[in-house]
Amino acid sequence: MAPTTKQKSPAPKKQGGAPKAPQKKKGAGFTGNFISTILVLLLMMSAFTFFITGHKDPEEIAISQVAADVKAGTVSAIVVSGNDLSLTYTDDAKTEKVSRKDSATSLPEVLAVYGVTPQELAKVEIGIQGESGFRFWFGTLAPLLIPIIFLVFLFWFLTRQVRGSGMQAFTFGQSKARMIDPTDTAQRVTFADVAGAREAKEELLEIVDFLKNPKKFLDIGARIPKGIILMGSPGTGKTLLARAVAGEAGVPFFSVSASEFVEMFVGVGASRVRDTFQVAKKAAPSIIFVDEIDAVGRARGTGVGGGNDEREQTLNQILVEMDGFEPNEKVVVMAATNRPDVLDPALLRPGRFDRRVTIDLPDRRDREEILKVHARKKPLGPDTNLIVIAERTPGFSGADLANLMNEGAILAARENRTEITQYDLIRSIEKVLLGPERRSHLLSKKEKEITAYHEAGHALVSSVLPHADPVHKISIISRGSAGGYTMKLPFEDKRLHSKKSFIDDMAAALGGYVAEEEIFGDITTGPHGDLSVVVSIARDMVARYGMSDMLGPVAFGSERAFGAEPYSQDVAAKMDAEVSRLVSLAKDKAREAIHTHRGALDAIALKLIEVETVEREDFEKLLVANGITPKKAEEQAAVPKAA
Ligand code: ADP
Ligand code: ZN
Ligand code: MG
């Protein structure tokens, strides 16, 4: 429908897919451990306190009592240790008592104050014990040391926890990349695990080849793409495909999610990027996979959402790292996004992510393949028919289909069966459909019919009019806001457009609109995007290229200056009239083509309803069968354009 390369907007992701290390689930264990540690520490501390102060088996008496006892001659010895006094009595039990004096005065002085005479005092054996003992050190240092020990322990404990779990509070700066080792067969994914996506796999085969045998390419001086960006709706298998490239090539796969780069402190993202690249370079040949790169790679300076320094720094660092690659670095950066429309153009420049691989939602045949992949380890009953399931699931992504097979298995297990039946799978379709992530882009039967005729209209008009571009591929699998799309290949990379080719292009763009009108006697909102294309072609023809008979060879430029138009009201009115004249001219051409070839239109539409995606070869067979000669295919150019 609309000529758009937009992918599905950010529908919630169903399956992370990313090879995440077991994260976060340590949460409960962590708090548990933490609490028990604190308890142990508290116990230790109270034990210390008890140790220090808890020796008070001897009775403690006041200093005045000490003086009285000395006067009475019942004290045989006093040991002074700092301010502590240990008294030994003359009684048979040699009772011990303790007391304290103040630190400013000596014992004799204190006792003198209480009236103890030197003679009386002389009877007592006075020993001075330096405070060098264990108690002194402990008494003075413990209050200092215990908090320090506690802190050190706490820190050690936290860092230890962090290392094991996903909590990165203390590892900022370090690379958070998760690595999948090529020798880890349990985690290894190959192209055989990725069903469908033929074109994408073909393109990526080259990268695999390079990573397997970089020397062959480097020796001949080939520059290998540094960056490949995978674009496609959520769940179409981007992450899976990236892992498969690593698996096929047998190289380490470092995976980071761009959203993780920006999650914590300013500056962390950039340093993480640096670390990740460093690690990957050491392991070269290797793959760095940046998932959801739109999280950092949004176009800068649009003002939407405000400036975000962290994001920009991270993005800049990625660019710097990629620019800094030596030609023989052997590190390939892959990135995935479902929002290629918001990416910063700087990311897509040559030498960066200059390879783009689009992954479409699977068509019927692909869906069958994907179902088969996910049925591999599941016992299917004899009545299951995956073709039927594939037919009933237009609009499902690979992740949805994986989910569907899983739901089927769950249903069977819940009913204590050992095989999955067709009925389980049919019920699972609904479950996936009506699940929390309801798919809005699923076409109803009627919508599917309308979309099929719409796209057939584009394709037919394109094929019939001599100056329009030949059709490359038609699909009614929705893409972005469009219900379907028709890809056309221009014969050559056109620089010069003729007036005739403009008119035929407009007619082809109106083909969908006219087909809907002719077949259903009604217009949907579907052709909305087509119409703006048509009008802008017409405006350009009139205002920029001087292709209007009425206005003649004038060029006003189509950009509007501030306020005033560079032409008079009169000219403006003439231009509007001329634009609508050209549009209706194109519309008549489209209508005529559709009238003349109604049989072909029906045939194309029916085929689309049946198989959803028709490639060029099959399409041309349909044309021939309906008496239309397909355009010559030889001189194709590379750029497919959607309409
Ligand atoms: P994306 O990264 O595009 O959102 P993922 O690669 O995470 O999608 O895909 C999620 C899951 O869906 C995969 O782990 C896989 O089980 C399944 N899946 C998606 N596409 C395919 C496919 N083409 N073939 C097989 N399984 C697929
Ligand atoms: Zn259209
Ligand atoms: Mg993904």
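Student: In which sense do E1 and strand E4 pair?

Tutor: Keep in mind that this is a predicted model. E4 covers residues 96–100, and two bridges link E1 to E4. Within that pairing, glutamate 60 sits opposite valine 98 of E4. The sense of the E1 and E4 pairing is parallel.

Student: Which strands stand at the edges of the sheet?

Tutor: Start with the layout: the sheet is open, its five strands run in the order E1-E4-E3-E2-E5, and the pairing is mixed. An edge strand has a single partner strand, so one side of it is left without a neighbour in the sheet. That picks out E1 (59–60) and E5 (125–128).

Student: What angle does helix H2 make with E2?

Tutor: H2 spans residues 63–72 and lies across E2 (75–81), E3 (84–89) and E4. Against E2, H2 runs at about 145°.

Student: How are H17 and H21 oriented to each other, oblique or roughly parallel?

Tutor: H17 (residues 445–464) packs with H21 (residues 598–611), their axes 8 Å apart and at an angle of about 130°. Roughly parallel would need an angle under 35 degrees. The two helices, H17 and H21, are therefore oblique.

Student: How many nonpolar residues are in the contact of H17 with H21?

Tutor: H17 passes H21 in a right-handed crossing. The residues in contact include Ala452, Tyr453 and Leu460 of H17, and Leu601, Ile604 and Leu608 of H21. By class, the contact has one polar residue, four charged ones and, for nonpolar, ten.

Conventions
Residues are numbered from 1 along each chain as its sequence is written. Chains are lettered from A and ligands numbered from 1 in the order in which they are written. This is a predicted model: local features need pLDDT of at least 70, side-chain atom pairs count only at pLDDT 80 or more; totals for chains, interfaces and linings use all residues. Side-chain values use heavy atoms; hydrogens and water are left out. Axes are lines fitted to C-alpha atoms, for helices over the stretch in contact, and angles run from 0 to 180 degrees between N-to-C directions. Helices (H or I, at least four residues) and strands (E, at least two) are DSSP runs, numbered from the N terminus. Angles under 35 degrees count as roughly parallel, over 145 as roughly antiparallel, 65 to 115 as roughly perpendicular and the rest as oblique. A crossing is left-handed if the near helix is turned anticlockwise from the far one by less than a right angle, and right-handed if clockwise. Contact means heavy atoms within 4.5 Å. Ala, Val, Leu, Ile, Met, Phe, Trp, Tyr, Cys and Pro count as nonpolar, Asp, Glu, Lys and Arg as charged, and the others, Gly among them, as polar. Two strands pair if DSSP finds at least two bridges between them.
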